[in-house]
Amino acid sequence: MVSTSSADNGRSATRAEVCAAAIADAFKDDGEIFASPMGMLPMLGVRLAKLTSNPDLVISDGESLFLAGTPPLFAKAEVVEGWIPFRRVFDVVAHGKRHVMMGATQVDRHGNQNISAVGDFAQPTRQLLGSRGAPGNTVNNRTSYWVPKHSPRVFVERVDIVTGVGPQLAKEAGPGAARYNDIHRVVSNLAVFDVRGAGDTLRLLSVHPGVTLDEVREATGFELEADDVPTTRAPTTEELVIIREVLDPRKLREREVPT
Ligand code: F8G
């Protein structure tokens, strides 16, 4: 049963559904570019954007195929529009018409991201993925981050290892790094940020329905300048129908962000 007014949606939409709509909003103004979501909620949000606010988004199966249409999460593509093997991804990254949403083991006050390892680079306490495509993404493409469990160990004053480069470090590195650096949104299970705070810092744009500003502050390992922060919008009725009946009828979203 889907509610019909936006006030009702604010009450009935789950946190995962609010996150999906917030992620969709991160892609709504991109026009015809390759949307590259890493992980399940980002994939749901991108496909939601394609079916609502930005039908021009180019989407893939996350492996090597560009898709026509917008299949449900993890469904086999009915129509394949193109082939993008590993080596060609680098051409698209260099060309720039791409918006990637990556994960982040750590993201800091200045919008730097770490997916490489935790601790000292020479002798980390946890080895994670390595830098992967993160540095190249952040100097060539619009980049956003998705954090399913907002906590002080993720939102840190300073990342242990910089993999995704935030605007301040990009400027320090020179025009080659800064020219196309565009950290667009950080969406977590609690809130939405950009990096347009004072001195290129994380700025709180909205707090999800049912979450207080104090909760966001407690879950963030650095000082947040924020007073009158709006509430993240609830998904529309159309979006809820698309999420629940078209894109994710198996409710995989609720596993990543439990209600
Ligand atoms: C922590 C923390 C923390 C976790 N602080 N400790 C502990 C302290 C935790 C566990 C242990 C493990 C273009 C492009 C590419 C490509 C293209 C080019 C990319 C070719 C593709 C391939 C390539 C990058 C894409 C992502 C990452 C998505 C995630 C993961 C994760 C970690 C990385 C965050 N804060 N956190 N620990 N990739 N994945 O207690 O300890 O560490 O923890 O774009 O690649 O090369 O280029 O997940 O680790 O976007 O987001 O989730 O590995 O599962 O289990 O959480 O319990 O073992 O003791 P994980 P996790 P312990 S773009």
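Let's start with the residues around the ligand. The shell splits into ten nonpolar, four polar and four charged residues. Keep in mind that this is a predicted model.

Who comes nearest? Of the 18 residues around the ligand, the nearest are G103, T105, R126, N137 and R153.

Now the secondary structure. Two elements, α4 (86-95) and β5 (98-102), each put at least two residues into the shell. Which element gives the most? That is α4, with four residues.

G103 uses its backbone, where a polar atom is 2.9 Å from a ligand oxygen. G133 also works through the backbone, and here the distance from a polar atom to an oxygen of the ligand is 3.3 Å. How much of the ligand does the protein bury? Taken alone, the ligand exposes 1200 Å², and the protein buries 63% of that.

And the site itself? The ligand takes up the space of the largest pocket.

For a pair of rings, two things are quoted: the distance of the centres and the angle of the planes. How many aromatic pairs are there? The count comes to three. I'll show one of them, F34 with F66. Centre to centre, these rings are 5.1 Å apart, with 80° between the planes. Planes over 60 degrees apart count as edge-to-face, so the F34 and F66 pair is edge-to-face.

Where do the two rings sit in the chain? F34 belongs to strand β1, residues 34-37, and F66 to strand β3, residues 65-68. They are 32 residues apart, so this pair links distant parts of the chain.

To recap the site: 18 residues around the ligand, with α4 as the top contributor, in the largest pocket.

Key
Residues are numbered from 1 along each chain as its sequence is written. This is a predicted model: local features need pLDDT of at least 70, side-chain atom pairs count only at pLDDT 80 or more; totals for chains, interfaces and linings use all residues. Side-chain values use heavy atoms; hydrogens and water are left out. A residue is near a molecule or strand if one of its heavy atoms lies within 4 Å of it. A polar contact is a pair of N or O atoms within 3.5 Å; within protein, one must be able to donate a hydrogen and the other to accept it, and residues adjacent in sequence count only if both atoms are side-chain atoms. Accessible areas come from the Shrake-Rupley method with a 1.4 Å probe; for residues, only the protein chains shown count as cover. On a 1 Å grid over the protein atoms alone, a cavity is a set of points where a 1.4 Å probe fits but cannot get out, and a pocket is an open set with protein on both sides within 12 Å along at least five of seven lines; lining residues have an atom within 4 Å of a point. A molecule sits in a cavity or pocket if more than half of its atoms lie within 2 Å of its grid points. Ala, Val, Leu, Ile, Met, Phe, Trp, Tyr, Cys and Pro count as nonpolar, Asp, Glu, Lys and Arg as charged, and the others, Gly among them, as polar. Rings of Phe, Tyr and Trp (its six-membered ring) pair if their centres lie within 6.5 Å; planes under 30 degrees apart count as stacked, over 60 as edge-to-face and the rest as tilted.
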